[in-house]
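Biologist: I would like to go through this model feature by feature. Please take the general idea first and the case at hand second.

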Amino acid sequence: MTRDATTPAASAAGSDEAPAATALSPRNAWRRVALLFIVALAASTLAYLALVVPGAWFPSAAPRTWEAENLALTRGSGILSGGELVVTAPDATGLTLVSVVAKFRSADYPSVAWVAIGIPESADVRVLWSSEYAPQTLRNAPVKIEAGRPLPVVLSANRGWVGNITGLALSIQGPLTQPVRIRGVVAKPMGAVEILGDHAREWLAFESWTGTSINTIAGGADIQDVSLPVLLAGTVALAVAIGYLLRRFVPRWLPLPIAAVLMALFVAATLVLDVRWTWNLVRQVRATGVQYAGKDPRDKHLASDDAPLFAFVDKARKVLPEAPARVFVIADAPYFRDRAAYHLYPHNVYFDPLANSIPLASALRPGDWLVVYQRRGIQYSPAERRLRWDAGQSVAAELKLVDPLGALFQIQ
Amino acid sequence: MALILGWLLPLVLGVALIAALPRNERGDTGAGELAWTLGSGWFIGALLLTFWMRVLSAASVQFSALAIGVPLMLAAALLLGLAWRRRRAQWAATLRGAWRAFAGKDLAGWPRAAWLALLAWLALRFALLLAEVVWRPLYPWDAWTQWATKARVWYELKSMVPFVPVAQWLEANGAAYYDAAPHYPGTVPLWQVWSSLLLGQWDDALMNLPWWCTGVALTLAVFGFLRGEGFEPLAALAGTWLVAAMPILDVHVALAGYADLPMAACLTLAALAGYRWIQSRSPSDLVPALLFAATLPLIKNPGRIWLPLLLPGLVVALWPRYGQRIVAGAFAAAAVALLVLAQTNFVLLGYRMHLTLDLPWHGLIDAYFTLANWHLLWYAVVGAAILGRRHLLAPTIAPLTAVVGGGLMFLIFGFAFTNARIWVEDQSTVNRATLHLAPLLFVWVILVFRAWARDTRTAQVPAAPAES
């Protein structure tokens, strides 16, 4: 047995070698496994590009970008803010229309990508364009929305995508559930290098912690045309298939057990994924350090996303008695309800984790406390010292703390 | 410093307990023993710590670092003394061997370089995760609506005051507490209470150190298990890295505060300790296995399901002749019952016994195969099940196959027949539920793959010995 047979792959897979193994050193054999991986990856990539490149593989045109400053909000209302066109409402007919004057050859740019977020998935979204070929006709094509973002539209096969393009527009038909933020529009040549670069950027995009990170990890950008795990798994499968055929028909070329080859390829593919993941983790730790390192627990919360809420609760805690008291917390947003309650423990806190409800007045007892944070529908009459809310409920209460974001009452 | 010393105490206690337990010759394999003992030992100590805190609370003794720590220190000293008497002759050799293995001195050339590189890679990962745990205040949602809520109250009041549903809370007039999940068990919050007592203040970043310890302990235990199963050092370390590198597992260390990672560690260690006991029949494996298994329901409510799902593995192991048939029959009966309930609509004792089969394929494929949650775990599971199909029921693998098979059926049942399907479609809980089984699943994949690899070797070299 050679020393190399004690490698993970070989030790798990057995230390045998194919009948014609003697001619090739183990080191060279493993190099050929690496070559297999590269060849399979190249073959997968070429096959993918053959399917998705709509025009020339190496176009001479460069991508053309129009920033938010170049856009005109033709229908609907909004403002330009921080390099984004923020559309707050459609017009009376429910239409939002954003346009830009452009001039480029359609043949050079088979794809158009609007860069925006916050678009309702239920809306009818279209890209529109006019051309010198038919200046009186406004052509359009549907745009797919994923996670509030418009996906790039490939127009090369569209019969109206001819001649020189003179204008582009994005139409959103339907109500807006939140402001739509539009950064601009890009006309893309969609060459092989650009497509691969786009995918690399998607995979390497920094995915910082969010509220959903505990549940799922996208692996880079929120929206990805190609999943890296799928690509690598496919590459491993293809490489093993090639390796199997080589061992069968040219055994001298790959004198390693197929199980060892499979395991080595699997480890290599996992390593690629893990390097990406670790790089993301490095960037996350750097960001976390900037935000929190060197701070005491209180200052960490004041540097946190919920700093205003924490500051308010901090003030409320100074008004509340030392000994744990019954405290009811109400807020419109579940995040504020739950989070305020968390900061208030070890007071004996009540909050509704599921619904924006307020307990019946009969549930409140003299001496109880009520924290109101960004909650509509609560009225307090200082003259009557009375608190009123939904469905005619009311209770005698004294206002103990008021803040632009919330208030603290003690039930009388 | 108090925090570090305080969390070393469970390590010493657990290691001392395992070392003090009698073991027979088959239970003393040597390779990887120290790693297994350290990993499973920390977890045992951390669980015993919570048991003792429950005892103190039941006896109305207020929590304090002394009230909790001193008796555990005494217990650890006692067990260490017993372990010293039992295994005095082996300790020096075990430590020397472990150091040689750690430094890669048993390897040479590129395997040694790969060993050291992989160790450094793992060290980098855990250093990054430690920074996140130490710096970031409690972050994920459920951590501060249903777990640390209890910890904060118990720490401040020095006792495990009850958490009750809202109707009872309204009647309790301040004698009981309420949060988003008052019925959830207290093991994980008790860890945070212990951290806070050591720190002397409520620090909702540092109190989460045990999550990092759990990640390290699980990693060590998996390595020790694989070495004990005869994997070469580098192969065992590579297998361990595959488990520790799963992104969703790392996230649950970094964004500490959920009970899913402790659940995954406890389930994995219960199954692996049980597997070791099947091989060794040694009390030093049996006691940890029983302890881990018994603790499952005390970590999170799904533990009540995971506990009985360990039984098929035990049945298969203890009755090799009929066990597989019994388990296969039970699984088949469960599948038929599900299908019948899905096709009928009868009422029993007033309950409508109808199940709607609606497996959210798209969400499941996204979670397992497309997104970056698991690296290539699920491709490996599919590959192992296909390539190693003839070995799934081999005597050495069948017990784990029964456990992971039951576990997968449980997950699929939840996703296909209950409202949990919504959590698959929106990617909210599917990965967290799966995390419980994932480390064990990867270990199973590694064992199946080795069996298949050995089989291909014997097929190619007729003279080679068959799998033992």
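Predicted model: local features only at pLDDT ≥ 70, side-chain atom pairs only at ≥ 80, totals over all residues.

Biologist: Then confidence comes first. What does chain A average in pLDDT, and which elements of chain A have the lowest and the highest mean?

Modeller: The general idea is to read the chain average first and then look element by element. Chain A averages a pLDDT of 90, and 94% of its residues score at least 70. Among the elements of chain A, the lowest mean, 44, belongs to helix 1 (residues 8-13), and the highest, 97, to strand 15 (residues 348-350). Over residues 1-21 of chain A the pLDDT is below 50, and this stretch has 59 contacts in the model beyond near neighbours in sequence.

Biologist: How many helices and strands do chain A and chain B have?

Modeller: Chain A comes to eight helices and 20 strands. Chain B has 21 helices and two strands.

Biologist: Next, overall form. What is the radius of gyration of chain A, and what would a compact globule of 412 residues have?

Modeller: The general idea is to set the radius of gyration beside the value that a globule rule gives for the chain length. For chain A the radius is 31 Å, whereas a compact globule of 412 residues would have one near 22 Å. Taken along the principal axes, the C-alpha atoms of chain A fill a box of roughly 95 × 70 × 35 Å.

Biologist: And what does the comparison give for chain B?

Modeller: Chain B has a radius of gyration of 23 Å, close to the 23 Å from the globule rule for 468 residues, so chain B is as compact as a globular protein of that length. Its C-alpha atoms fill a box of roughly 80 × 65 × 40 Å along the principal axes.

Biologist: What share of each chain is buried?

Modeller: In chain A, 38% of the 412 residues count as buried. In chain B, buried residues make up 51% of the 468.

Biologist: Now a helix pair. At what angle do helix 15 and helix 18 of chain B cross?

Modeller: A helix pair is read from the distance between the axes and the angle between them. The axes of helix 15 (residues 323-343) and helix 18 (residues 398-417) of chain B come within 11 Å and cross at roughly 5°. Because angles under 35 degrees count as roughly parallel, helix 15 of chain B is roughly parallel to helix 18 of chain B. The residues in contact include B:Phe331 and B:Leu338 of helix 15 and B:Gly405 and B:Phe413 of helix 18. The residues of this contact divide into nine nonpolar, two polar and no charged.

Biologist: Is A:Ile258 buried or exposed?

Modeller: For burial, one counts C-beta neighbours. A:Ile258, in helix 5 (residues 258-292) of chain A, has 20 other C-beta atoms within 10 Å and is therefore buried. Leaving aside neighbours within four places in sequence, A:Ile258 is in contact with A:Gly243, A:Tyr244, A:Arg247 and B:Thr456.

Biologist: How does A:Asp91 count?

Modeller: A:Asp91 has 13 other C-beta atoms within 10 Å, so A:Asp91 is partly exposed. It lies in the loop between strand 4 (84-89) and strand 5 (95-105) of chain A. Not counting residues up to four places away in sequence, A:Asp91 touches A:Arg75 and A:Gly76.

Biologist: Last, the backbone. What is phi of B:Ser60, and what is phi of B:Asn173?

Modeller: Positive phi in a residue other than glycine is the feature to look for here. Phi of B:Ser60 is near 60°, and phi of B:Asn173 is near 50°. B:Ser60 sits in the loop between helix 2 (33-58) and helix 3 (65-102) of chain B, and B:Asn173 in the loop between helix 6 (166-172) and helix 7 (187-199) of chain B. B:Ser60 counts as exposed, with 7 C-beta neighbours inside 10 Å; B:Asn173, with 10, also counts as exposed.

Biologist: Which form does the peptide bond from A:Tyr345 to A:Pro346 take, cis or trans?

Modeller: That bond is cis, with omega near 15°. A:Pro346 is found in the loop between helix 8 (334-344) and strand 15 of chain A.

Key: Residues numbered from 1 in each chain as written. Chains lettered and ligands numbered in written order. pLDDT = per-residue confidence, 0-100. Helix = DSSP H or I, 4+ residues; strand = E, 2+ residues; numbered from the N terminus. Contact = placed C-beta atoms within 7 Å. Axes fitted to C-alpha atoms, helices over the stretch in contact; angles between N-to-C directions. Parallel < 35°, antiparallel > 145°, perpendicular 65-115°, else oblique. Nonpolar A, V, L, I, M, F, W, Y, C, P; charged D, E, K, R; others polar. Rg over C-alpha atoms; globule rule 2.2 N^0.38 Å. Buried ≥ 20, exposed ≤ 12 C-beta atoms within 10 Å, placed from the backbone.
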